[in-house]
Amino acid sequence: MGFREINSKMIEATVAPGQRLFSQRGAMLAYKGEVGFTPNLRSGQGGVMSMIGRRVANEDTPLMTVEGNGTVLFGHGGHHIQVINLSGDTLYVEADRLLAFEGTLEQGTVFLGSQGGVMGMVRGQVSGQGLFTTTLKGHGAVAVMAHGGVIEVPITPQRAVYVDPQAYVAHHGDVRNKLSTALGWRDMVGRGSGEAFQLELSGSGAVYVQASEEKL
């Protein structure tokens with residue numbers, strides 16, 4: 001199916017018989033054809049255990065199952081939309097940034113402490129993600145939301161990328177991440193997140209950065 005970008009704040013999805021996609025509740029703007037929207041209890045190929053994991057993670061963002069034969073226009077809150085096409089790797093993104101994704105992708109939940117111990121948990125609080133983040137794995141398209149536009153920054157083994165945690169949107173690939181302090185603890189009082197903390201991403205893949213530190 002895939003997603004077609006109408007403009008920076010709207011995408012079009014083609015829905016075909018035997019296929020399905022998932023969208024954030026309230027994201028449908030218009031549709032043509034015989035298309036149905038139902039609240040889902042499974043969310044992709046992750047199944048019931050994935051749903052339970054998201055409830056524990058406080059990432060139970062309401063999703064709709066979209067099926068039928070037609071086209072759908074999606075957008076939400078006037079936010080910028082970035083389409084990401086996955087080719088077998090894993091995308092890490094917080095649940096409330098998900099606008100829509102194809103049902104071919106497997107959804108899961110990752111504890112940030114497993115990606116950096118205590119500093120991984122601190123990263124979640126600084127970036128606003130909480131203690132967990134959502135994963136989408138496989139082959140398919142994902143549409144994520146952000147403020148003020150998004151740039152894709154390649155991550156190569158030769159050079160790590162450093163990102164303000166509040167400007168971080170998502171990343172994919174074989175990437176390691178850790179949160180580091182750019183200042184001493186005493187100097188961080190009254191500082192913004194980008195001045196106090198940096199999210200270091202290394203390995204091979206890409207990170208998506210928004211042009212604003214504002215949360216959705």
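What follows is a short briefing, moving from the whole protein to a few of its residues.

Please keep in mind that this is a predicted model. The protein has three helices and 13 strands. Of its 216 residues, 50% count as buried.

**The whole protein**

- Take the contacts between residues at least 6 apart in sequence: 80% of them join residues at least 24 apart.

**Strands β3 and β7**

- Strand β3, made of residues 20-24, runs antiparallel to β7, and three bridges join the two.
- You can look for one of the residues involved: L21 has E102 in β7 as its bridge partner.

**T65, a buried residue**

- You will find T65 in strand β5, which spans residues 63-74.
- T65 counts as buried because its relative accessibility is 7%, and the cut-off for buried is under 20%.
- Which residues does T65 touch, not counting residues up to four places away in sequence? They are R20, L21, F22, G36, F37, T38 and N40.

**R159, an exposed residue**

- R159 sits in the loop between β10 (150-155) and β11 (161-163).
- With a relative accessibility of 65%, R159 counts as exposed, because exposed means over 50%.
- R159 and L201 are 42 residues apart along the chain, and their C-alpha atoms are separated by 9.2 Å.

**Salt bridges**

- Side chains of opposite charge can pair when their charged atoms come close.
- How many salt bridges does the structure hold? The structure holds two.
- One of them links E12 with R4, where the closest N and O atoms are 3.1 Å apart.
- E12 counts as buried at 17% relative accessibility, whereas R4 is partly exposed, with a relative accessible area of 48%.
- E94 forms a salt bridge with R97, and here the closest N and O atoms are 3.1 Å apart.
- Both E94 and R97 are buried.

Definitions and conventions
Residues numbered from 1 in each chain as written. Predicted model: local features only at pLDDT ≥ 70, side-chain atom pairs only at ≥ 80, totals over all residues. Heavy atoms only, no water. Helix = DSSP H or I, 4+ residues; strand = E, 2+ residues; numbered from the N terminus. Buried < 20%, exposed > 50% of the residue type's maximum accessible area, 1.4 Å probe, protein only. Contact = heavy atoms within 4.5 Å. Pairing = 2+ DSSP bridges. Salt bridge = Lys/Arg side-chain N within 4 Å of Asp/Glu carboxyl O.
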